[in-house]
Amino acid sequence: MAIASIPVDLKDFENMNKDIAPLFGKTKFIEAQIDEFLDKISEGCLYFEMGMSSYLDAEEIWDACEAKMQQLRDVKGRCNELRRAIESELYTEMLIPDFRGDVLSLLEDLYYLIDVFGDTYQSIIIEHPDIPETYHQDLKELTAMAVKSVETVVIAARAFFRHPDAVRDHLYRVRVYETESDRIAIRLKKNIFNSELPLDRKMQLRDSVDLIDSLADAAEDAGDELAIYAIKRVM
């Protein structure tokens, strides 16, 4: 997939003032909530990666896979609680009116990522594709690229609140990871369809590859939106 262009000139960052105050200043409570929200997104990334590793290494051991599924559900639930609490706080306390919409949209974008992690892992657990060992390493690499994409968006989101001029550097890495994810996915699908597997298994494996690859695409989309929010912060 070609790297999507962001409809704002990111070079504008280079000439902007580096001394930008943290977005919430002394409002430590809501800052702590946002930090926990971002921590939970990162935690979900790790559970997904560990869950995929458990599935590939020992498909018959369902306890480990189910445990990771439950942990992903718990993370999603906590993220939803935090997202709603932050939204309520921003409106009831009339905080950051100029950036409130961007902050809430950013939280929605990040919540969507953890939602996709959960849905993707759940689909794999339910459909239970029989994945030949020859594809395990590539699938682990694909998973790692997807996870790195999301983790880097989380790092960029942290920068947005404290050092928005640094967001650009992190988002460049997201696009690199997304491109690498596409490269691995294409290689995997070529190998799958060049194999002697029955067509129905080929299609099921292809769908699993596409699900994991779509995580990196979603991370890139969130990064594109974040880039715009960050430019508005430093203007």
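Select His128 to begin: at 35% relative accessibility, this residue counts as partly exposed, a class that runs between buried (under 20% relative accessible area) and exposed (over 50%), using a 1.4 Å probe on protein chains only. His128 sits in the loop between H3 and H4. Check its backbone too: phi is near 50 degrees, a positive value in a residue other than glycine.

A word on what you have open. This is a predicted model, in which local features need pLDDT of at least 70 and side-chain atom pairs count only at pLDDT 80 or more, while totals for chains, interfaces and linings use all residues. Residues are numbered from 1 along each chain as its sequence is written, and side-chain values use heavy atoms, with hydrogens and water left out.

Now zoom out and switch to cartoon. You will see six helices and zero strands in the protein chain, in the order α-α-α-α-α-α along the sequence. Helices (H or I, at least four residues) and strands (E, at least two) are DSSP runs, numbered from the N terminus. The chain has 235 residues, and 50% of them count as buried.

Next, select Phe37, Phe117, Phe160 and Leu226. They have the most contacts inside the largest nonpolar core, a group of 67 residues. Helices H1 (28-57), H2 (62-92), H3 (100-127), H4 (136-162), H5 and H6 each give two or more residues to this core. Such a core is a set of buried Ala, Val, Leu, Ile, Met, Phe, Trp, Tyr and Cys residues joined through side-chain atoms within 4.5 Å.

Then show Cys45 and Cys79. Is Cys45 in a disulfide or in no disulfide? A disulfide is a pair of cysteine sulfur atoms within 2.5 Å, and the count here is zero. Cys45 is in none, and the nearest cysteine sulfur, on Cys79, is 9.9 Å away. Cys45 is buried, at 0% relative accessibility; Cys65 is buried as well, with a relative accessible area of 0%.

For the last stop, select Ile131, Tyr135, Leu139, Leu188, Ile192, Leu205, Ser208 and Val209, which line the second largest cavity. On a 1 Å grid over the protein atoms alone, a cavity is a set of points where a 1.4 Å probe fits but cannot get out, and lining residues have an atom within 4 Å of a point. The lining divides into seven nonpolar residues, one polar and no charged. H6 (199-234) and H5 (167-193) each supply at least two lining residues, and H6 gives the most, with three.

How values were computed
On a 1 Å grid over the protein atoms alone, a cavity is a set of points where a 1.4 Å probe fits but cannot get out, and a pocket is an open set with protein on both sides within 12 Å along at least five of seven lines; lining residues have an atom within 4 Å of a point. Ala, Val, Leu, Ile, Met, Phe, Trp, Tyr, Cys and Pro count as nonpolar, Asp, Glu, Lys and Arg as charged, and the others, Gly among them, as polar.
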